[in-house]
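My notes follow the order in which I looked things up.

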Amino acid sequence: MLTAFLIILFVPISESSDLKPGALLQPHQLASTFLKRVDEKQTFESEVYAQLPPADQEFLKSAAADPKMPPGSAEEDRFINDLNQILQNASLYNPQEYEGMKLNQQAEQLLTINSADMTPEEKSRLNRLLFEARYYNDVRKVQGQGWRKMMMTYGVIGIFIAAIFWWIIRDYPRAHPSCSEQELELIEHGRLEEDKDHSKQIGGIPFKAIAMNKSLWLLSLSQFCTNVGWLFLVTWLPRYLDETYRVPLETRGKMVTFALAVGWFGTLSGGKVTDWLMRRISLRWSRVLPIALSRFTAMAAYLVCMLDISPWTAVAMFSIVAFSTDFGSPAMWAFNQDIAGKHVGSVLGWGNMWGNLGAAVAPVLMIAVIGLDHHWNNAFITCAIAFLIAGVASLWVDPAQTLVVETSEEAETETPEA
């Protein structure tokens, strides 16, 4: 939601709304639809066509007749230049032609202003947005120009937060000058005296023990496949909502934010359920059930997305995916603590490494299965299969299979003290 707000914020109405060279993504499709609407005497196209020079009219006819016409020709650039002149001045809105058509929120706001009271910049922006609405997949969006400034803003904020983190955070409470003796007593209550000494070396990464642990490999596979399925939400979901439902940018931002925010509740409830299952059933099933059942639930949600459903129903399914993914996370973290002992950092890093590899594979895999024609059901099937594998793999995870770390292995990998 914040991303959508910033993108729009960085392309104010005072900034040029002109179409740039290369803005016609599909010249043939646009020209074919445009001329068809001229024949139907639709107001927008008829008004524009009547003001176009004969050379531009010929360009439209040529583009409509040639499906293989490449974008970016000199004739196209001339057409775009002449079209900009028309969009800057004409009054092209006909309410009847936009019934049932989703308009950009900024366009709806501009339509509340009397045409005679509009500034040239407002009229140009309105016409550009109307043009985009009528040729949704064929024209580059004017507000898309704000993405670079948005990324720079996030980068600067990230550096600022990193600096605060470096300044404030310490590796353990005793190293923090602001941690009082009363706080230390509360934090370390119940710990062995030897565990309160952070000056001693824990030892290196027990690679052999990690590589020999079957349960850890199964959980790593589950984490890998989980991220393959989950990453769709943060990469392709905005584009899916755009192309399938033509959801305006601001609403898309809200939808994606809502779906991902639900995951936060999944993490909280997953921890509660994990603790409850450990008290009521057993240690093993308190780890296995939250992971496995949540993955199977996410799989089912993706399969529902293949049906003919409304955009908000689709968002509800994606919310279930986000909730389910995060619901199993506390059980995963608890499992790592169960088996790792003092090497919990290494074990958590091992599992997260495989999860990040899954996240790295996911974009390439999605591009392959979705294809140039954007077969979204292929993506949903792929994500469902990934969650199926993740759920099945977790069924054989056993927290009783703790790491077997040989003393010699620790000695070999231990970092010597200075």
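**Whole chain.** I am working with a predicted model. I looked up the secondary structure and found 20 helices and zero strands. Next I checked the radius of gyration: the chain has 28 Å, whereas a compact globule of 418 residues would have one near 22 Å. I then took the box along the principal axes, and the C-alpha atoms fill roughly 85 × 45 × 40 Å.

**Burial and surface.** I find 43% of the 418 residues buried. The chain exposes about 22,400 Å², with 62% of that from carbon and sulfur atoms. I looked up the charges too: 34 side chains are positive and 45 negative, and the centres of the two sets lie 3 Å apart.

**Aromatic pairs.** I got 25 aromatic pairs. I picked tyrosine 240 and tryptophan 376, which are edge-to-face because their planes stand at 75°, over the 60 degree cut-off. Their ring centres are 5.4 Å apart. Tyrosine 240 sits in helix 13 and tryptophan 376 in helix 19, 136 residues apart. Tyrosine 240 is buried at 3% relative accessible area, and tryptophan 376 is buried at 9%.

I then took phenylalanine 318 and phenylalanine 380, a tilted pair with 6.1 Å centre to centre and 50° between the planes. This pair links helix 16 to helix 19 across 62 residues. Phenylalanine 318 is buried at 0%, and phenylalanine 380 is buried at 0%.

**Cluster.** Where do these pairs belong? I find Tyr240, Trp376, Phe318 and Phe380 in one aromatic cluster, whose members also include Trp236 and Phe387.

Note on methods:
Residues are numbered from 1 along each chain as its sequence is written. This is a predicted model: local features need pLDDT of at least 70, side-chain atom pairs count only at pLDDT 80 or more; totals for chains, interfaces and linings use all residues. Side-chain values use heavy atoms; hydrogens and water are left out. Helices (H or I, at least four residues) and strands (E, at least two) are DSSP runs, numbered from the N terminus. The radius of gyration is taken over C-alpha atoms; the globule rule is 2.2 Å times the number of residues to the power 0.38. Buried means under 20% relative accessible area, exposed over 50%, partly exposed in between (1.4 Å probe, protein chains only). Accessible areas come from the Shrake-Rupley method with a 1.4 Å probe; for residues, only the protein chains shown count as cover. Lys and Arg count as positive and Asp and Glu as negative; His and the chain ends are not counted. The place of a charge is taken as NZ of Lys, CZ of Arg, CG of Asp or CD of Glu. Rings of Phe, Tyr and Trp (its six-membered ring) pair if their centres lie within 6.5 Å; planes under 30 degrees apart count as stacked, over 60 as edge-to-face and the rest as tilted.
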